[in-house]
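The report below goes through one protein structure, moving from a single side chain to sheets and helix packing. Please keep the sequence and the structure in view while reading.

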Amino acid sequence: MSRLNWIAAGLALSLLGAWFIAQRGLEAQRAAFETDARIVHRLLSQQVVQHDAVLATLALLEPERAEALPRLSAIYPRLLSVIARAPDEAWLQPALAHAEAASRTSGRGAMADGDLGAGRYTLVLGAAGGGAYSLVIALDGLVPEADWPMDRARSPVRVALRWNGQSHTLQAGQPLTQGWRFDFDKVVAAESQPFHAVATRWVGWGELPWLGMGAWALAVLAGLAALAHALRLREARQRAEALLRLGQLGRLNAMGEFAAGLAHELNQPLTAVLASTQAAQRLLADEPPALDTAREAMGRAGAQARRAAEVLARLRRGLEPPAGAAEQRALDLGACVREALHLLQPEIDRRGVAVRWLVSDPAVVRADPIAIDQIVHNLIANALQAMDRQAGGPRELRLAVRREGGQAVLDVADTGPGLPPEVLSRLFEPFFSTREGGLGLGLTLSESLAQAQGGRLGAGAAPGGGALFSLHLPLDTGTPP
């Protein structure tokens with residue numbers, strides 16, 4: 001996973017978690033706001049209902065109203081004035097007369113045209129004897145300060161009463177031009193005074209739970225860092241295991257090549273020794289009996305020679321893979337190269353080598369995957385080692401996978417010192433190496449493996465300098481041309 005993908009994943013998780021935490025914080029703000037708004041609505045309802053009770057009491061105490069009226073303002077400071085109209089009198093203001101008529105129709109108090117902007121309104125009730133009463137009520141004193149659930153000076157909640165297109169602010173709040181807005185609108189529980197209790201709450205950016213959001217982002221960062229570290233460790237372990245397997249297979253195959261070459265080199269002299277000793281034995285058998293000792297010695301020599309040949313044959317059989325063990329199947333040659341690059345990526349980075357794909361044609365071959373992995377690994381590793389011997393200049397590994405007739409071709413080119421003619425002619429000889437300490441079997445083994453897959457391995461000069469190795473393999477017959 002690339003660094004850009006890690007950054008994108010961290011950003012996405014951080015934003016998602018921050019959004020969730022912000023939503024939870026906003027929901028908590030909304031719940032607190034609605035709780036305060038409901039308390040305000042209940043208190044306002046309780047207070048305005050008392051006005052109906054006062055008017056109803058005045059109507060019942062009509063004969064004693066002269067004594068009751070002076071005491072009402074002392075009991076209810078919000079009552080600015082209490083006016084009684086006698087049955088034989090008329091209201092001086094038409095609005096009060098209209099309100100009384102509405103009151104007698106509904107059987108309850110009725111509001112006259114109020115002046116909410118000035119912070120007051122008038123409530124009128126028609127009495128049974130033909131008289132009527134009106135209360136001029138101050139809106140600011142509806143709820144006692146001790147009962148108000150919020151700090152009027154600091155609370156961000158705006159509270160207002162609205163009626164008939166008019167509005168009176170009970171709490172100014174802190175209006176904002178941006179952020180989140182919560183609204184509450186409910187009619188108070190008094191049919192005679194149908195005020196809308198309206199509350200509005202603005203939540204600004206500064207009120208979001210930044211501490212929780214920052215803690216979440218840090219937790220995501222730490223978690224992704226730990227996960228990336230664990231994945232890097234696992235990838236390094238898998239790469240090391242794969243390289244170890246390839247190394248073991250390479251060493252085993254090298255030993256096989258070594259044993260095969262050794263057996264080939266020793267088989268001929270051993271066969272000659274055996275034939276000579278057998279011939280001598282036959283000749284000596286015709287001689288006088290005095291030569292029996294020589295015959296027995298030559299017989300022992302022949303036995304030892306046969307034993308040496310058998311030992312070498314047994315060594316070769318033990319190192320050769322069993323018949324039919326190699327499983328050939330369809331392989332994407334480009335995918336094999338990318339897998340080898342993945343395994344060797346630490347070495348590529350350490351050497352500062354740039355990898356450049358010249359051609360990447362789709363090419364599917366039928367071959368033993370282990371053999372192809374070994375060949376590709378050897379070619380890329382040799383190219384990296386060759387560039388170590390180059391004092392200056394660019395370090396670039398050029399790769400190409402292309403189709404050529406019925407074959408797939410892998411080109412591996414480096415920007416190293418190249419291959420002189422005297423080296424090129426002996427490149428695939430066993431035990432020949434231009435690298436100090438090299439065994440000289442890697443390219444020999446790669447060539448043998450390529451031939452075993454029905455292909456070939458060639459070498460030459462790369463355009464612009466350096467060495468070029470080309471692996472030719474037959475395309476899978478099921479692959480379209």
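## A buried glutamate

The side chain of Glu100 makes a polar contact with the side chain of Trp91, at 2.4 Å; a polar contact is a pair of N or O atoms within 3.5 Å, where within protein one must be able to donate a hydrogen and the other to accept it, and where residues adjacent in sequence count only if both atoms are side-chain atoms. This is a predicted model, in which local features need pLDDT of at least 70 and side-chain atom pairs count only at pLDDT 80 or more, while totals for chains, interfaces and linings use all residues. Residues are numbered from 1 along each chain as its sequence is written, and side-chain values use heavy atoms, with hydrogens and water left out.

Glu100 belongs to helix α3, residues 94–106; helices (H or I, at least four residues) and strands (E, at least two) are DSSP runs, numbered from the N terminus. With a relative accessible area of 8%, Glu100 is buried, where buried means under 20% relative accessible area, exposed over 50% and partly exposed in between, for a 1.4 Å probe and protein chains only. When neighbours within four places in sequence are set aside, Glu100 is in contact with Arg85, Trp91, Val124, Gly126, Gly130, Gly131 and Ala132, contact meaning heavy atoms within 4.5 Å.

## The chain as a whole

The protein chain has ten helices and 15 strands, and 38% of its 481 residues count as buried. Among contacts with a separation of 6 or more, 67% are accounted for by residues 24 or more positions apart.

## A four-stranded open sheet

An open sheet is formed by four strands in the order β6-β5-β8-β7, with antiparallel pairing; two strands pair if DSSP finds at least two bridges between them. Its edge strands, each pairing on one side only, are β6 (166–171) and β7 (180–187). Strand β5, residues 157–163, is joined to β6 by five bridges, and Val159 stands opposite Gln171 in β6. Helix α1, residues 3–60, lies across β5, β6, β7 and β8 (196–203), running at about 25° to β7; axes are lines fitted to C-alpha atoms, for helices over the stretch in contact, and angles run from 0 to 180 degrees between N-to-C directions.

The loop between β5 and β6 contains Asn164. Most residues other than glycine have a negative phi, yet Asn164, which is not a glycine, has a positive phi of about 55°. Asn164 counts as exposed, at 57% relative accessibility.

## Strand β12 and its partners

Strand β12 (residues 396–404) runs parallel to β10 (residues 354–360), to which six bridges join it, and Leu397 in β12 is the bridge partner of Val355. With strand β13 (residues 407–413), β12 pairs in the antiparallel sense over seven bridges, and here Val401 has Leu410 in β13 as its bridge partner. β12 and β13 form a hairpin with two residues between them, and Gly405 in the turn has a positive phi of about 65°.

## Packing of two helices

Helix α6 (residues 333–343) and helix α8 (residues 369–388) pack at an angle of about 55°, with their axes 9 Å apart. The two helices are therefore oblique to each other, since angles under 35 degrees count as roughly parallel, over 145 as roughly antiparallel, 65 to 115 as roughly perpendicular and the rest as oblique. On the α6 side the contact is made by Leu333, Cys336, Val337, Ala340 and Leu341, and on the α8 side by Ile372, Asp373, Val376 and Ile380.
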